[in-house]
Amino acid sequence: MTTAETIMLLVRWWIIIGALVATAFLFVGIDRIDEDARGAYIFRPLLVPAILLIWPLVLWRWLILERGAENWARRYAPPRASHLIVALAMAAAIAIALWLGLTSRQSWPADIAPEQLTSPEGASE
Amino acid sequence: MSVKYIPVQWNPNKWMYDGVMLAGVALFLWIFVHLAPGMLSHERPINPQIHNARAFGACAFVMLTIILCIGPLARIDRRFLPLLYNRRHFGVMTVFVAITHAMYVINWYFAFSPTDKYVAALSTNTDYSQALGFPFELFGIFALVVLMILAATSHDFWMKFLTPPVWKSIHYLIYPAYAAVVAHIALGAMLDAQNLAFTVIAVIGGLTVAILHLWAAISETTRSDPKGTAANEGWIRVCDAGEIKEGFAKIAKLPSGDRVAVFRQDGQLSAISNACAHQNGPLGEGRVIDCLVTCPWHGFQYDVRNGQSPAPFTEKIPTYQIALDGTDVIVNPVANPPGTPVDPVPVPQEAQA
């Protein structure tokens with residue numbers, strides 16, 4: 001199995017597990033941990049894509065809320081202080097990417113005659 | 001603000017915002033496909049699949065660039081705040097445009113072979129040793145996955161469920177994702193030296209985002225809220241009572257790193273957390289009307305005397321014990337649990353303006 005095939009297999013399993021978590025969370029868990037969700041059903045399908053993508057985080061938060069182990073003070077700790085570091089890192093990455101792109105530009109080799117490729121051994125037409 | 005969750009909390013402003021946005025997307029695609037093929041180096045014959053892939057890709061890049069500019073512009077100049085109001089719809093629309101771009105690419109360049117098209121997209125080019133010919137698709141895949149996560153977690157439920165700091169940390173991924181989009185273009189479409197127009201758009205867009213974010217971050221650092229100074233019995237001095245204008249607040253940093261906002265309303269002082277329960281917006285930059293402060297970012301409201309949103313809404317923020325030492329306003333740096341009522345303190349006569 002190639003690396004690409006392995007990655008796609010992992011992606012499929014990630015989504016299958018995410019679907020199981022979504023089923024359990026949206027039919028059982030959400031009513032237990034959020035009073036604003038009780039009786040509100042129409043919005044729940046909107047949550048499915050996120051659960052498929054970040055189901056480990058959903059399980060982690062669900063467990064904390066089920067245990068009543070929420071630290072309320074942490075809800076009010078804004079992460080804005082790290083904006084300067086993030087902005088610097090992003091600016092540097094953009095500058096490097098643009099520099100690499102601009103120094104590697106090339107013209108289309110229009111003067112090269114087209115070449116008829118042969119099909120690989122055993123490939124069907 | 002929510003009582004029971006609903007899919008989308010529509011209002012006339014959001015309809016207008018989304019209408020303008022959709023019209024902008026349609027106009028961009030129409031110009032790209034029908035009016036400007038020559039300008040965009042499409043004079044060589046290409047099929048509609050490739051043309052559409054380029055149109056949606058360019059549109060997604062421009063949309064993402066605008067989204068990334070709104071945040072720092074709103075921090076630099078408050079007149080841009082209305083653009084921040086419904087930015088999440090802008091983001092969700094961008095994801096759909098980006099997915100359309102990806103589908104056009106995958107269903108053309110990686111289809112028509114016995115190999116699965118997604119496997120083909122990941123395995124066709126694995127030469128990571130040079131800029132020219134680098135598998136730039138990987139940058140696009142990374143950015144697309146991030147954008148999908150951000151769009152999927154944009155409903156208010158996720159903010160409450162994950163907590164604002166966790167949600168914000170996830171949404172910080174937009175920064176590496178944007179850098180990846182620039183790299184995707186720089187090592188992909190931009191390598192064609194005959195394609196000048198899109199090169200100019202990519203360079204101007206990328207540099208504008210980088211400069212605006214640096215500008216906003218540096219100006220926030222230099223104009224940072226003052227630190228509270230130590231007062232009696234571990235309390236913290238915020239400012240002189242006379243410095244607080246009626247209807248507004250003074251913000252101070254506490255030793256814990258949290259910010260307290262002290263509001264003056266009808267000659268009375270109240271102290272609440274500066275971080276909105278919604279997205280940690282700066283409540284101290286909002287104005288108080290009838291004891292309710294409105295967050296300048298998304299309009300959430302709280303009673304400054306108890307940190308509670310007006311009924312029937314249920315959002316709450318921490319409050320702080322407040323007192324006067326002469327005309328100095330002092331607060332207990334240990335926050336009260338969210339929604340705890342605190343008796344306001346009258347502004348002393350000598351500090352009344």
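Two strands count as paired if DSSP finds at least two bridges between them. Helices (H or I, at least four residues) and strands (E, at least two) are DSSP runs, numbered from the N terminus.

Before we start, note that this is a predicted model, in which local features need pLDDT of at least 70 and side-chain atom pairs count only at pLDDT 80 or more, while totals for chains, interfaces and linings use all residues. Residues are numbered from 1 along each chain as its sequence is written, and chains are lettered from A and ligands numbered from 1 in the order in which they are written.

**Exercise 1. Get an overview of chain B and its confidence.**

Task: Find the average pLDDT of chain B and its numbers of helices and strands.

Solution. 
- Step 1. Start with pLDDT, the predictor's confidence in each residue, from 0 to 100. Chain B averages 87, and 95% of the residues score at least 70.
- Step 2. Now list the elements: chain B has 10 helices and 12 strands.
- Step 3. Look at the extent. Along the principal axes, the C-alpha atoms of chain B fill a box of roughly 80 × 40 × 35 Å.
- Step 4. Finish with burial. A residue is buried if 20 or more other C-beta atoms lie within 10 Å of its own, exposed if 12 or fewer, and partly exposed in between, with C-beta atoms placed from the backbone. Of the 353 residues in chain B, 41% are buried.

**Exercise 2. Follow the strands around S4(B).**

Task: Work out which residues of S5(B) are the bridge partners of Val260(B) and Ala261(B), and why S4(B) is largely enclosed.

Solution. 
- Step 1. Begin with the pair itself: S4 (residues 259–265) of chain B and S5(B) are antiparallel over 6 bridges. Within it, Val260(B) has Ser273(B) as its bridge partner, and Ala261(B) has Ile272(B).
- Step 2. Check the turn. The hairpin of S4(B) and S5(B) has 2 residues between the strands, and Asp266(B) takes a positive phi near 55 degrees there.
- Step 3. Go to the other partner of S4(B). S3 (residues 249–253) of chain B runs antiparallel to S4(B), joined by 5 bridges, and Lys253(B) stands opposite Arg259(B). This hairpin has 5 residues between the strands, with Gly257(B) at a positive phi near 100 degrees.
- Step 4. Count the burial: because 7 of the 7 residues of S4(B) are buried, the strand is largely enclosed by the rest of the structure.
- Step 5. Sort the residues by face. In a regular strand the side chains alternate between the two faces of the sheet. Arg259(B), Ala261(B), Phe263(B) and Gln265(B) lie on one side of S4(B), with Val260(B), Val262(B) and Arg264(B) on the other, and all are buried.

**Exercise 3. Describe the contact between the chains.**

Task: Say which helix gives the most to the side of chain A that touches chain B, and whether Ala92(A) counts as buried or exposed.

Solution. 
- Step 1. Two residues are in contact if their C-beta atoms, placed from the backbone, lie within 7 Å. The contact takes 47 residues from chain A and 60 residues from chain B.
- Step 2. On the chain A side, H1 (3–33), H2 (48–67) and H3 (83–103) each supply at least two residues. H3(A) gives the most, with 14 residues.
- Step 3. Turn to Ala92(A), which is in H3 of chain A. Ala92(A) counts as exposed because it has 12 C-beta neighbours inside 10 Å.
- Step 4. Cross to chain B: leaving aside neighbours within four places in sequence, Ala183(B) is in contact with Ala97(A), Phe136(B) and Phe139(B).
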